[in-house]
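Dear colleague,

Please find below the structure that I am handing over to you. My notes on it follow directly after.

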Amino acid sequence: MAAMTSLDLNTLKPMANAVRALAMDAVEAAKSGHPGMPMGMADAAIVLWSRHLKFDPTDPDWRDRDRFVLSAGHGSMLIYALLHLTGYADVTLDEIRNFRQLGSKTPGHPEYGHTTGVETTTGPLGQGISTAVGMALAERILNARFGDDLVDHRTWVIASDGDLQEGISHEAISLAGHLGLNRLIVLWDDNSIQIDGSTGLAETTDVLKRFEAAGWATDAVDGHDMEAVDAALERAKSASKPVLISCKTIIGFGAPNKAGKSSSHGSPLGGDELAAAKQALDWPHTAFDIPEDIRANWLAVSETGKAARGDWESRYENASRREEFDKAFVTGLTPEAAAAMSDWRKTLAAEKPDLASRASSGRVLERLVPVMPELVGGSADLTGSNLTKTPDQKVIQAGAYRGQYIYYGVREHGMAACANGLSLHGGVRPYVGTFLVFADYCRPAIRLAGLMNQPVTYVFTHDSIGLGEDGPTHQPVEHLASLRAMPNVRVFRPADAMETAESWELALSHKTGPSLLALSRQKLHFARQDDGSENLTAKGAYVLRDAPDAKAVIIATGSEIGIALEAAETLAGKGVPVRVVSAPCLEIFLEEDHAYQNSVLPEGLPRIAVEAGLRYGWDAIIGRDGGFVGMTGFGASAPAEALYEHFGITADRIVEEVKARV
């Protein structure tokens, strides 16, 4: 595509200075923030937004828009200034004035869902560029499925030195190169400054060679030479690989005493320096004042994008697969998938198979993948262990994106961020897999998925000491507690094949946050006795086995349900009737009303929780005086049966805990 506008440099330079001025003024008013990066990248940003980026502020979510990711989220005033000046209704001048204030649309770091035009939440360095890989991959997947008429756009990123130093970026960059994502273009703000000072204090990597080794094309320009930036962007759009453009910039450009120094990175310039910078930039205007001619030039920038949207809408209206295209962007369980799951639950109720929950999950996917073409899975080199790929699931590869499965390699960090990008882009419903113990590698991206309300599904297998001989390095003990502590994240630990199916159904029905499935390596006995017509997991916890005049309640999850049922039988034989409650998702249960919670866990009855993890978090369910049968430290290397006996996660131990309280 040719340059989107023909604005000359004499027009562009004052427009870039408007971005600098707003950034300086907003940070000064807030008395906190990062002025240096927006001041340094304003020239490159104006070229990108005015001549290459495809967007329309009047319809900010149209599906074939380009995606712009400010991975250097600390420089948030860059994107806020750009959104304001191009006419995004959310980002008014008052919002710019209220930068970093409670309730404003201009928080310290860009937040998806909070500010229109922000495609992903950034700030944790490395996450933005890695999420952008997922966005670029989603574009290629949907393009392969629906063609150029409906899907034909790019993903643009502005990344900092810090983004490229973070380990996650190495994983994502490698994956993008391997998959040949040539619609991904990264502008590196190569200013050689970070908080501690010069990047030379900690970094001597030849970044361009690193990207080239990962399968990228590279370019290098003076980031303040607009014509050179424009030419580099034009070259990038015809590349056969993802592209990194080194934009050599001066942080704090225009500030006489702080330009090129770390002092302009994360603090206001100060009144004197701000005034001197405006003088150096020939910007004689008062704080937050943008002259009408410059504002008019900025608003004109979006006109080309409006025309592009209009052309796309014409193609969309006449598309033969329009209904199918729309359906791909609807979040939730499709009617076909809901019907398949309903039938599968009834089959399970009739057959009552004893299966490891990871195997049960694989069986569920065999039903879902054929009827949900938007469902795209993957694993971090553990496909055969996570059982995340069905026999007929086609693999996505460079140049062959018409598939539903991604081999991520040993890249848990990058995989989880990529999944966020797939979800944020729309049209793809991602799930990813690894061992539960390696959820630690995914944690920053999971946290962002929760913060951004993204319905990513994580298949975390080998969920306890039950994995056996691999030992404590691979046996998660603290992970369930720590993941449950994360806001807006649902953690499912199903007890049998039925609960596994129900958990998948709930995960894919959920629209406002991620879901984690903690699944067993070892075989689990089928525990349910109902007909499968109702999804009991939908309540979070429910009565699995009851007894008249119960004296206590045993609450268990996952593989420990079998042990709890065994203990209940023993106690019944001793004249101590107990209720057994299965609690596959504590988050959902705690959202239920008190009437339901009390119906499951009656007031006054002793409560004993059983889970092969740590007690942290369980006191909200069982109280400080409740009993707990589980782990108190790390595991060990041995067969699973020996480990359960060694750590006292047994029916006999449960019996002791109950008898001590009745």
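How are H1 and H3 oriented to each other? The model is predicted, so to speak of its local features a pLDDT of at least 70 is needed, side-chain atom pairs count only at pLDDT 80 or more, and totals for chains, interfaces and linings use all residues. Residues are numbered from 1 along each chain as its sequence is written, and side-chain values use heavy atoms, with hydrogens and water left out.

**The helix pair**

Helices (H or I, at least four residues) and strands (E, at least two) are DSSP runs, numbered from the N terminus. Two packed helices are described by the angle between their axes and the distance between the axes. Helix H1 (residues 9-30) packs against helix H3 (residues 76-86) at an angle of about 120°, and their axes are 9 Å apart. Axes are lines fitted to C-alpha atoms, for helices over the stretch in contact, and angles run from 0 to 180 degrees between N-to-C directions. H1 and H3 are therefore oblique to each other; angles under 35 degrees count as roughly parallel, over 145 as roughly antiparallel, 65 to 115 as roughly perpendicular and the rest as oblique.

An open sheet of 6 strands has the order E10-E9-E11-E12-E14-E13, and the pairing is parallel. Two strands pair if DSSP finds at least two bridges between them. Strand E10 (405-407) and strand E13 (490-492) stand at the edges with a single partner strand each, so one side of each has no neighbour in the sheet. On average, neighbouring strands of this sheet are turned by 20° against each other, direction ignored.

Strand E9 (residues 375-379) is joined to strand E11 (residues 429-435) by 3 bridges, and Val-376 has Pro-430 in E11 as its bridge partner. E11 is joined to E12 by 5 bridges, with Phe-435 opposite Thr-461 in E12. E12 also pairs with strand E14 (residues 515-518) over 4 bridges.

**Strand E12**
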